[in-house]
Amino acid sequence: MSPTRAPARERHRTAARADHASPSAALTREQKLELYYYMRLTRSLEERLVNLYRQTKVIGGLFRSLGQEADAVGAAFALDKSRNDILSPLIRNLGAMLVRGATPVEVIRQYMAKGDSPTKGKELNIHFGSVERGFIGQISHLGDMVPVMAGVTLTFKMRGEDRVGLVFVGDGATSTGAFHEGINFAAVQRCPLVVVVENNGYAYSTPVTKQTAAKQFIDKAAGYGVAGERADGNDVLAVYDVVKRAVERARRGDGVTLVELVTYRRKGHAEHDNQSYVPAGEIDRWAAENDPLDRYVHVLRDEFGATDAELAAIDQRVQREIDGATDVAEQSPMPEPLEALRGVYGDIEMIPPVWYREEVKSAVTEHERAEGWGTYNG
Amino acid sequence: MASAKAAATGEVTYLEAIRQGLFEEMERDVNVFCMGEDIGRYGGAFKVTEGLIDRFGESRVIDTPISEVAIVGAGAGAAHMGMRPVCEMQFMDFVSNAYDMLTNYVATARYRIGLGCPMVVRGPSGGYVRGGPFHSQNPEAAFVHTPGLKIVSPATARDAKGLIKSAIRDDDCVLFFEHKYLYRRVKETMPDGDYTVPIGKARVAREGTDISIITYAATLWKALEAAEQMEKEDGVSVEVIDLRTLLPLDDEAILATVRKTNRVLIVHEDTRTGGLAGEITARINEMAFEWLDAPVLRVTAADVPLPYSPPLEDYVLPQTSDIMRALRRLAAY
């Protein structure tokens with residue numbers, strides 16, 4: 001599972017899709033173009049965030065999923081919106097959230113710490129959720145969402161609902177106790193849960209070879225007594241196929257599947273990370289030979305007869321939406337400082353201010369960009 | 001479920017009171033379910049959940065793997081979906097295994113992303129039972145420090161029942177510290193009907209005028225014993241406040257008793273440094289310094305892991321005689 005060998009695009013071509021029984025064969029032309037739309041939206045939205053970051057309008061770190069758009073979008077697309085299947089994304093799964101209805105304006109407001117962002121300025125970046133739309137916000141402690149999603153899907157089972165849950169973890173999170181306890185619990189309870197290990201080669205600077213001695217992450221499936229399937233994470237239709245099979249397995253009561261999606265993280269852990277630990281040429285090779293958007297554009301054109309005009313129209317729509325969202329988000333107000341004291345408990349409206357803040361509405365008059373964010377270039 | 005003798009007197013033990021509360025809430029609300037290690041057919045290490053599986057079945061009384069992280073994490077996920085999970089820690093000593101899940105996920109979910117965790121994490125805590133370092137802990141202070149959680153710690157059978165019912169109905173996560181020394185040692189009759197005790201309200205366990213003891217859980221009974229003895233031997237009238245809820249603290253009740261007696265002793269079984277007594281002392285200092293006639297004193301466990309052998313455990317944990325010595329020092333101040 002070495003991430004350093006970028007497989008040639010040709011080798012990944014449609015081996016699974018050649019089989020007309022594969023789930024993606026049933027996707028309509030419109031749905032296939034929708035997959036492209038979400039992948040393009042993910043990439044362009046992150047590019048816009050980079051611009052805003054360089055203008056110092058993004059507060060805190062910026063996390064990219066460049067080169068991983070296919071696995072996030074394809075996996076989320078395999079869930080059923082009408083049943084309100086629930087997913088829990090990780091930091092490289094902006095695309096999955098967009099598929100489930102997170103909007104660019106919400107994302108930009110989050111990154112700019114605005115008062116009308118989904119978390120009202122209390123949480124960072126894409127750490128937000130909407131149970132109504134089917135996604136639950138992550139926390140930074142990797143692996144913790146696996147037990148939480150075990151509980152979400154345990155509830156589906158207890159209530160006899162035919163809903164499914166999906167939780168993303170990275171290669172690094174598989175080393176945590178929470179991952180182990182969560183997947184084991186879900187396996188024992190036969191929860192309708194899909195656990196996606198997004199193997200992008202690195203956890204911050206640590207390569208997969210220092211994360212596990214297993215040859216591949218799906219080897220762990222046997223230890224938990226669950227199904228394991230692996231797919232090329234940069235082939236959106238292959239991702240859709242493997243996750244869709246896992247979703248259907250869960251929906252019919254056959255329990256947990258551990259899915260490994262092999263991809264590659266082309267940017268650093270966050271925008272400040274200069275990736276000095278990556279072997280020379282590795283990133284360029286993946287960018288040139290195995291970009292998920294490039295690959296899917298070829299598939300759309302060559303196999304499904306999409307025209308340049310159609311794709312350009314989608315690109316323009318994406319650009320329009322992002323421009324509009326940026327304008328709206330930039331106009332959004334920053335939060336009122338006292339909002340910091342609200343929402344800790346359901347039945348206590350506000351934590352009382354301490355005495356030296358009782359008449360004080362704001363502690364300082366001007367806020368600064370915190371030092372150390374986005375400045376590391378060692 | 002109750003023993004024949006208790007049934008005859010109408011008295012219910014602290015342990016049976018908790019079981020009654022669980023039973024009634026599971027009857028009342030189909031979303032309430034229990035999860036934990038050995039809680040099903042076996043009925044739990046202390047038999048708190050005994051009989052529940054017969055009434056409610058395996059799907060609502062779930063035996064789990066030995067996985068505190070999964071028990072609490074899955075509880076949070078189920079709570080997000082509208083369930084009311086009651087998670088048992090076989091001993092509260094093991095809640096530290098779920099510390100990350102409780103403090104980072106459960107306690108913050110509402111504040112961060114607007115998703116509440118209406119759930120209870122309950123289990124036996126406390127010493128005086130020769131349980132040694134890992135079956136006697138009082139880990140409440142570690143969680144009192146975490147905004148977003150609520151913490152209750154009943155000392156009486158009525159409060160145990162009333163508070164477990166309130167905890168299950170609360171829209172946030174309540175850590176429910178039962179005291180294993182009290183499980184079968186205290187009992188009383190239960191009020192009729194749907195009896196609940198509000199979270200966040202302390203109780204005056206004994207009226208007095210000269211000195212106040214603020215305490216909770218097992219040391220309530222030692223405080224009451226000492227108060228009686230003070231009355232008889234020294235003619236000093238001691239008020240005893242049973243906090244019942246540790247987070248959020250009932251500032252009003254604390255302030256009221258300080259204003260009444262002007263002398264305060266805080267007693268808890270938890271260790272001294274960083275224990276709740278320090279926080280209560282600071283609050284009294286801030287709120288009512290001018291009402292004090294003496295420094296606030298505290299009687300607590302010594303700052304050591306809790307040892308096993310009786311002479312060692314008895315030496316470390318607060319005893320009635322310790323409380324007497326502290327009360328006499330306050331009275332003489």
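This is a predicted model: local features need pLDDT of at least 70, side-chain atom pairs count only at pLDDT 80 or more; totals for chains, interfaces and linings use all residues.

Trainee: What are the domains of chain B, and how far apart are their centres?

Mentor: The assignment gives domain 1 (4-189) and domain 2 (203-332) in chain B. Taken over C-alpha atoms, the centres of domain 1 of chain B and domain 2 of chain B are separated by 26 Å.

Trainee: What makes a residue part of the contact between those two domains of chain B?

Mentor: Two residues are in contact if their C-beta atoms, placed from the backbone, lie within 7 Å. By that test, 25 residues from domain 1 of chain B and 20 residues from domain 2 of chain B take part. On the domain 1 side, α7 (140-144), β6 (150-152), α8 (157-169) and β7 (174-179) of chain B each supply at least two residues. That side divides into 13 nonpolar, 8 polar and 4 charged residues.

Trainee: And how many residues does each chain give to the contact between chain A and chain B?

Mentor: Chain B gives 29 residues and chain A gives 33 residues. On chain B, the elements giving two or more residues are α4 (68-80), α5 (99-106) and α6 (109-113). The largest share, 9 residues, comes from α4(B).

Trainee: Why would chain A be called a compact globule?

Mentor: The rule is 2.2 Å times the number of residues to the power 0.38. For 378 residues that puts the radius of gyration near 21 Å, and chain A has 21 Å, so the value agrees with a compact globule. Buried residues make up 50% of chain A, where buried means 20 or more other C-beta atoms within 10 Å.

Trainee: Why are β1 and β6 of chain A said to stand at the edges of the sheet?

Mentor: Look at the order: the open sheet of 5 strands in chain A runs β1-β2-β3-β7-β6, with parallel pairing. β1 (86-88) and β6 (227-232) of chain A each have a single partner strand, so one side of each has no neighbour in the sheet.

Trainee: How do you know that β1(A) really pairs with β2(A)?

Mentor: Pairing takes at least two bridges. β1(A) and β2 (residues 165-170) of chain A are joined by 3 bridges, so they qualify, and they run parallel. Within that pair, Leu87(A) stands opposite Leu166(A).

Note on methods: Residues are numbered from 1 along each chain as its sequence is written. Chains are lettered from A and ligands numbered from 1 in the order in which they are written. Helices (H or I, at least four residues) and strands (E, at least two) are DSSP runs, numbered from the N terminus. A residue is buried if 20 or more other C-beta atoms lie within 10 Å of its own, exposed if 12 or fewer, and partly exposed in between; C-beta atoms are placed from the backbone. Domain bounds come from an automatic or database domain assignment. Ala, Val, Leu, Ile, Met, Phe, Trp, Tyr, Cys and Pro count as nonpolar, Asp, Glu, Lys and Arg as charged, and the others, Gly among them, as polar.
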